[in-house]
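Here is a quick walk through a two-chain model, meant to be read with the viewer open.

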Amino acid sequence: MPHTLAEKILLAHAEVDDLSPGDIVMVRVDTVMANDVSGPVAFRQMEKMGARRVFDPTRVVMVADHFVPAKDARSAALQKRLREWSLDQGVAFYDQGRGGIEHMLLAQEGWIVPGEVIVGGDSHTCTYGALGAFGSGLGSTDIAAALAHGEFWQPVPATIRVRFDGAKRGFVSGKDLILAVIGEIGVAGATNAVLEFVGDGARTLPIDERLAVANMAVEAGAETGLFAADDVTRGYLNGRAKREWDDLRSDEVAEVAREVQIDLNMLAPLVAAPHSPGNVVPLADAVGTPVEQVYIGNCANGTITDLRQAAAIFRGRSVHPRARAIIVPATQAVYRQALREGLLDTFVDAGAMVSTPTCGACFGGGMGVPAAGETAVTTTNRNFRGRMGSPDASVYLANAYVAAAAAVAGELIDPGELIEAPPS
Amino acid sequence: MRLDGRAVTIREDNVDTDVLYPGSYLNVEDPDLMSPHLFEGLDPALRDEMGPDTILVVGENFGTGSSREHVPLAMKASGVSCLVGMSFARIFRRNCLNLGLPLVDCPDAVAHAETGAHVEVDLDGGVVTVNGDRFTSAPMPDFMRAMVDAGGLIPWLRDEAAR
């Protein structure tokens, strides 16, 4: 029977002869991840299960990233618990200053290889689909079971095939590709499904931008957002992958629930307007909106690619007196790379603030909460009401060019008003 | 399994986990300390409607967003015994089932249930009754049903190990 990529990955991890969408199967995990928020809750649940040790300490990764540096004593206590538990269990642990934001970190450190199943105590675990892996975001009780037994229960998802045709141009980045998809199918459009990205526009997309696309699959309700592994993936994983891997792909005749086509030749920068990632409009329709805060970072768009895009805008310019800009490199390695390339100089010269890697203000955890009545433009993945900490603030989601240009202008503008073309 | 209680209705669609339980309180570990923050970004007055037999009646794609289990933990600690919805977001549905908090998809019942209505949920018959009017709910897959009957993932795993 022909199968999609998602079905093939699950079939290789389940004790069944065959499977199809809607079946519920127990799935073996290759890696389990949790953080300072989901980890401690999972540890309590694991204790209730009577499980004292993890199923395999070499397949467990803990990351302190949400409330780092600790905003208060309670957050510090969570991180202390995470640290001590990790040490006791003998699992990999990335503490603050040694890692960064979980999803970018795990990709960067080679934990994610094509064809594997990774469960994470964070909804943006879908990011791993960028590398052809089945990354599934789960709650803490699911994570507890996966830590204890190395498996989780899984309804087999349908597949929605998203075809990116043509070549993107101008100031369009991966962010705009996924915003276009969410705008097309809606915030619940991929419930009980995975997105699989195909077409020449997908194949030519660099890994950083694939990560940005896959990251927001959950914003359409999808379980994960897959790019089948190819030469771009191979190049990225070379010298990085912790394990051998196979390049699985969907059978051409495999049944999909729906096909969506996005013409990249026609795509211009987009924004998601308040208060939903599905509230997608052309940037051109939002131009002139006054902006008080710009936030460039998070597990979607804090890569070196994003920082280079932002620096191209900030170079020789200043943050508008009305606005402030916060730059959050996703990982320590991205931070160091930005330092070496002089990008941090550019940001500081422009009057932007450079933060340590953290989830921080993206989810209202601290490190840049906007005030009531303010508007923020961010490269993050959610602009739900109150998401950044104030129910009366407005958040626009945008790519790094657009966010940086908003910081310089103090309002949403077309980045083309500041620089002629993106640096090649 | 049969449940009955008093409806508390949330009409909006796509109610996300951030308004149900804001991120700044994710550093709380004890469910009893979570419930004071439930609904904080949506309508804190909903907390005054919670009682030991509350059945939450909700719209489309309820619980969209984060994987934070704090939301169903706080609901359970507040007395919510069941949810009846138009539809639910994937991770939220899992989290509820894993914690033994049943939820049923029954758009017709949602359309008829105002806050204060008497709601009965018959998981075996797939029927939701609102003030005596009967509506058919979507069938729950056997696997999920078994987990709800066991009281959640932890007792279900224990029972599986014993078999």
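## A buried loop residue in chain A

Met367(A) sits in the loop of chain A that runs between β16 (353-354) and β17 (375-378). Keep in mind that this is a predicted model. Is Met367(A) buried or exposed? Met367(A) has 20 C-beta neighbours inside 10 Å, so it counts as buried; the cut-off for that label is 20 or more.

The backbone here is worth a look too. Most residues other than glycine have a negative phi. Met367(A) is not a glycine, yet its phi is positive, at about 65 degrees.

Look for Asn14(B) in the loop between β1 (2-10) and α1 (17-20) of chain B. Asn14(B) counts as buried because it has 20 C-beta neighbours inside 10 Å.

## Two cis peptides in chain A

Most peptide bonds are trans. Which residues does a cis bond join, with omega at about -20 degrees? They are Val68(A) and Pro69(A). Pro69(A) belongs to the loop between β3 (60-63) and α3 of chain A.

Another cis peptide bond runs from Pro274(A) to His275(A), and its omega is near -5 degrees. His275(A) is also a loop residue, placed between β12 (270-272) and β13 (280-282) of chain A. If you're setting up a backbone check, these are the omegas to look up: about -20 degrees for Val68(A) to Pro69(A), and near -5 degrees for Pro274(A) to His275(A).

## How α2 and α3 of chain A pack

Two packed helices are described by the angle between their axes and the distance between the axes. For α2(A) and α3(A), the angle is about 60 degrees and the axes are 9 Å apart. The two helices are therefore oblique to each other, and their crossing is left-handed.

Which residues make the contact? From α2(A) come Gly39(A), Pro40(A) and Phe43(A), and they meet Leu78(A), Arg81(A), Leu82(A) and Trp85(A) of α3(A). By class, that contact has five nonpolar residues, one polar and one charged.

## Where the chains meet

The contact between the chains draws 41 residues from chain A and 31 residues from chain B. On the chain A side, the elements that give two or more residues are α2 (38-48), α3 (73-89) and α5 (140-149). Of these, α2(A) gives the most, with five residues. Sorted by class, this side of chain A has 15 nonpolar, 18 polar and eight charged residues.

## Chain B as a whole

How many helices and strands does chain B have? There are seven helices and seven strands. Read from the N terminus, their order is β-α-α-β-α-β-α-β-α-β-β-β-α-α.

On overall dimensions, the C-alpha trace of chain B spans about 40 × 40 × 25 Å along its principal axes. Chain B has a radius of gyration of 15 Å, which agrees with the value near 15 Å for a compact globule of 163 residues. Some 53% of the 163 residues count as buried. Among contacts in chain B with a separation of 6 or more, 71% come from residues 24 or more positions apart.

Start with Val128(B), found in strand β6 (residues 127-130) of chain B. Val128(B) is buried because 28 other C-beta atoms lie within 10 Å. Leaving aside neighbours within four places in sequence, its contacts include Val84(B), Val104(B), Cys106(B), Phe135(B) and Ser137(B). Val128(B) and Leu3(B) are 125 residues apart in sequence, but their C-alpha atoms are 9.6 Å apart in space.

In chain A, turn to Ser136(A), which lies in strand β6 (residues 134-137). With 29 other C-beta atoms within 10 Å, Ser136(A) is buried. Not counting residues up to four places away in sequence, Ser136(A) touches Val119(A), Thr125(A), Glu223(A) and Thr224(A). Between Ser136(A) and Val32(A) there is a sequence separation of 104 residues and a C-alpha to C-alpha distance of 9.9 Å.

Technical notes. Residues are numbered from 1 along each chain as its sequence is written. Chains are lettered from A and ligands numbered from 1 in the order in which they are written. This is a predicted model: local features need pLDDT of at least 70, side-chain atom pairs count only at pLDDT 80 or more; totals for chains, interfaces and linings use all residues. Helices (H or I, at least four residues) and strands (E, at least two) are DSSP runs, numbered from the N terminus. The radius of gyration is taken over C-alpha atoms; the globule rule is 2.2 Å times the number of residues to the power 0.38. A residue is buried if 20 or more other C-beta atoms lie within 10 Å of its own, exposed if 12 or fewer, and partly exposed in between; C-beta atoms are placed from the backbone. Two residues are in contact if their C-beta atoms, placed from the backbone, lie within 7 Å. Ala, Val, Leu, Ile, Met, Phe, Trp, Tyr, Cys and Pro count as nonpolar, Asp, Glu, Lys and Arg as charged, and the others, Gly among them, as polar. Axes are lines fitted to C-alpha atoms, for helices over the stretch in contact, and angles run from 0 to 180 degrees between N-to-C directions. Angles under 35 degrees count as roughly parallel, over 145 as roughly antiparallel, 65 to 115 as roughly perpendicular and the rest as oblique. A crossing is left-handed if the near helix is turned anticlockwise from the far one by less than a right angle, and right-handed if clockwise.
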